[in-house]
Amino acid sequence: MCDSVCVVGMGFIGLPTALMLAANGVDVTGVDIDIVKITSLKKGLLTFSESGMKELFERAMDAGIRFGSKQISADMYIISVPTPFDKHSKKVDACYLIGSVKETIKVCKENSVIVIESTIPPGTIDKYIRPLVRENIDVLGKTIDLAHAPERIMPGVMLNELVNNDRVIGADDIAVGMRVKSIYSLFCNGEIELTDIRTAEMSKVVENAYRDVNIAFANELVKICAEAGIDPYNLIRIANKHPRVNILNPGPGVGGHCISVDPWFLVGDYPGLANLILSARKINDSMPAYVLERTAMIMAEKGIRDISRVGVYGLTYKEDIADIRESPSLQLLEWSSKYLAYGLHFYDPLVTSCVVEGQFFDLDEFIDASDVIIIMVAHKEIIIDQLKLAGKIVIDTKAALKDISTYTL
Ligand code: SAJ
């Protein structure tokens, strides 16, 4: 018989994973400390939207998925709780992870496996989790195995990636790895690579650091091209004709809870070694301020001084999703406040609750209130409605609007 699984943390990763397992015949309980979230899920209401989630949720409910606020006795636990980083030390803050594992150990069955999905820097399981399990063996006498299966899914295309991406599972021995693999294979069509726990931990952080470094390269080119008087987009297009060159898109910075966070784990743990990774972080973090500089320059050229007529389009961290975590627009707001430049206004079609001062909820009203519009996120809405911006000074940091005259980075 298939293992029963308790998924801890009903967030962006835990919930789709739990639903996917339940829809594929596993006995699943989804757990979260947030009672409001659990109440909503029990009523059949999703806590965030994503393409295909509604249908998947219905399948999982029909299959009998349960939700609760406390871990229950199960054969396998998948822990997908947040692992934030300390902004000063740049090290991982494992408090949620440790808390969830402690609660899990209290109720788990003999020979159960605790799989950590949360992103963690290499060595985290050895440092924080293994001692908890060892302590338990001494006190409760239960054997518990550990594994790490870092998530790899991208908001916006989550379900597709959950099913089709290759995955890595780190475990202490092949038998445990195979046991975890057998569960993930129920929904994952990608190749599942087994390795040790530390390599699995490192692989996740490295994947996001790799992308950060490559985005930073494109962003650095933007700044070099500004000095050299060259159009960076044309330059990148030409360079990418080389068969082994693939420069990414420059932009207003890097947001999200992954690429802008994970590289710091390496910088925090390997100071002096993670030099390129640190430079990339600094370059990408400098981009929102660069957008402000560019805006100030264009406004000076045009003789515009009134900051209250400057509108920022887009609050999310990337196109066509509602996630605002670490978004370049929020970083831009922070930079402007640092230099006492208050009065910018904002609009995002996907952010329907008020998250910043001066937020508009209607595109036309936002446009009417703006002489200068900074496009920070090129949502489909503005690509379709771009002609509404004709006549405004538009600074398109994504170089996405092709039918009107704009300034780019
Ligand atoms: N960005 C650029 N230029 C580009 C591409 C992206 O400026 O050419 C910006 C985006 O606008 C955004 C940020 O980078 O602000 C990150 O966006 P993304 O779409 O590249 O990635 P995420 O953060 O949504 O998801 C990443 C993915 N990791 C990699 O591609 C290596 C995803 O596969 C991971 O599962 C996810 O992080 C995670 O959870 O770690």
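Predicted model: local features only at pLDDT ≥ 70, side-chain atom pairs only at ≥ 80, totals over all residues.
Local features here need pLDDT of at least 70 and side-chain atom pairs count only at pLDDT 80 or more, while totals for chains, interfaces and linings use all residues. Residues are numbered from 1 along each chain as its sequence is written, and side-chain values use heavy atoms, with hydrogens and water left out.

**Around D126**

Let's start with D126, which lies in helix 5 (residues 124-140); helices are DSSP runs of H or I with at least four residues, strands are runs of E with at least two, and both are numbered from the N terminus. D126 is partly exposed, at 32% relative accessible area. On that scale, buried means under 20%, exposed means over 50% and partly exposed is in between, using a 1.4 Å probe and protein chains only.

The D126 side chain makes a polar contact with the side chain of R130 at 2.8 Å. Such a contact is a pair of N or O atoms within 3.5 Å; within protein, one must be able to donate a hydrogen and the other to accept it, and residues adjacent in sequence count only if both atoms are side-chain atoms. Leaving out residues up to four places away in sequence, D126 touches P131 and R198, where contact means heavy atoms within 4.5 Å.

**The core**

The largest nonpolar core has 41 residues, and L19, L21, F67, V115, V180 and Y184 have the most contacts inside it. Helix 1 (residues 14-23) gives this core its largest share, six residues. A core here is a set of buried Ala, Val, Leu, Ile, Met, Phe, Trp, Tyr and Cys residues joined through side-chain atoms within 4.5 Å. Beyond neighbours within four places in sequence, L21 is in contact with residues including V5, V7, I78 and F187.

| Partner of strand 9 | Bridges | Sense |
|---|---|---|
| strand 12 (residues 372-375) | four bridges | parallel |
| strand 10 (residues 345-347) | three bridges | parallel |

Within these pairings, V312 stands opposite I374 in strand 12, and G311 stands opposite H345 in strand 10.

Notes: Pairing = 2+ DSSP bridges.
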